[in-house]
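Let's take a walk through a protein model together. Have the sequence and the 3D view open, and look up each residue as it comes up.

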Amino acid sequence: MKVAIVTGASSGMGREFIMQIADRFGGIGEIWAIARRQERIEELSPLVPVKVRSFAIDLTDDSRLGCLQDVLFEEKPEVKWLINAAGYGKIGAAGSINLNDELGMVDLNCRALCAVTHMVLPYMSENSRIIQFASAAAFLPQPGFAIYAATKAFVLSYSRALNEELKPRKILVTAVCPGPVRTEFFDVAEATDRIPFYKKIVMADPKKVVRLALRDSMMGRPVSVYGTTMKFFRLLCKTVPHSIILRFMKGFMRVVDNRR
């Protein structure tokens, strides 16, 4: 049976991927939805025309991850899509955030993503797709969001290397690198501090981000960046030394704060 596996499935980008995959790809027999909140996953079933199978798993818990590996081994599904959308960020200077939250960002955004990818890869067939959720934060170090940005730089680098490694198997990997997206992500992120106002201005629609990500994945693009602003930001980070950009951003924020 052909399946799609989606982490972070109970809300935000993961939930939106399930909605669009179920609507657009008729060959998928089941979607395996992975998240901590069982009740939120089960809400999806009546909304999509494909069977949604729920896995209430905390991906930072090794014993729970083992349950997924056991099911894969027993059922040996043909995985056509792997969407690693689980992740979170906390805003604040390094050391000012709870240590468990700082380590949790690394565990979920990097370690769990690698673990799920490793477990699922043996069950992926030719012309399958992997979508790894990075961020435009991967393009530039982010003071005040340092650990989160670093984890996303890891995801971007890992995804691009994995894409090259898997070409002989005809499995394509796309790193999705949006700017701020209007989801529950910022409810968690702003529990420790407020996001800069300019990020609120460029908030993207999750439906549009996912639609582009799926299109870019089908076209074999290794990176998907939504929106003119974020595409310009990526180009800027490629061509201008990061120290200059960071100095400008610091000065800009100081001017803004003085005017408030």
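Start at aspartate 101: with a relative accessible area of 21%, this residue is partly exposed, since buried means under 20%, exposed means over 50% and partly exposed is what lies in between (1.4 Å probe, protein chains only). Its partner is lysine 90, and the two side chains meet in a salt bridge, 2.9 Å from N to O. A salt bridge here is a side-chain nitrogen of Lys or Arg within 4 Å of a carboxyl oxygen of Asp or Glu. Lysine 90 has a relative accessible area of 12%, so this residue counts as buried.

Some background before we go on. This is a predicted model, where local features need pLDDT of at least 70 and side-chain atom pairs count only at pLDDT 80 or more, while totals for chains, interfaces and linings use all residues. Residues are numbered from 1 along each chain as its sequence is written, and side-chain values use heavy atoms, with hydrogens and water left out.

**The whole chain**

You'll find ten helices and seven strands in the chain. Helices (H or I, at least four residues) and strands (E, at least two) are DSSP runs, numbered from the N terminus. Of the 260 residues in the chain, 50% are buried. Take the contacts (heavy atoms within 4.5 Å) between residues at least 6 apart in sequence: 70% of them join residues at least 24 apart.

**Salt bridges**

How many salt bridges does a search of the whole structure find? The search gives nine. Here are some of them:

| Pair | N to O distance |
|---|---|
| Arginine 53 and glutamate 30 | 3.9 Å |
| Arginine 111 and aspartate 62 | 3.1 Å |
| Aspartate 101 and lysine 90 | 2.9 Å |

Arginine 111 sits in helix H4 (residues 99-120) and aspartate 62 in helix H3 (residues 62-75), 49 residues apart. Arginine 111 is partly exposed because its relative accessibility is 43%, and aspartate 62, at 46%, is partly exposed too.

Is glutamate 30 buried or exposed? Its relative accessibility is 6%, so glutamate 30 is buried, while arginine 53, at 23%, counts as partly exposed. Shared partners also join Glu30, Lys51, Arg53 and Glu75 into one salt-bridge network.

**Around valine 50**

Now hop to valine 50, in the loop between helix H2 (38-42) and S3. Its relative accessible area is 12%, so valine 50 is buried. Leaving out residues up to four places away in sequence, valine 50 touches Ala22, Ile28, Gly29, Glu30 and Ile31.

**Two helices meet**

Two packed helices are described by the angle between their axes and the distance between the axes. For helix H1 (residues 12-24) and helix H8 (residues 206-218), the angle is about 55° and the axes are 9 Å apart. Axes are lines fitted to C-alpha atoms, for helices over the stretch in contact, and angles run from 0 to 180 degrees between N-to-C directions. H1 and H8 are therefore oblique to each other, given that under 35 degrees is roughly parallel, over 145 roughly antiparallel, 65 to 115 roughly perpendicular and the rest oblique. On the H1 side, the contact includes Met13, Phe17 and Ile21, and on the H8 side, Val209, Val210 and Leu214 are among the residues involved.
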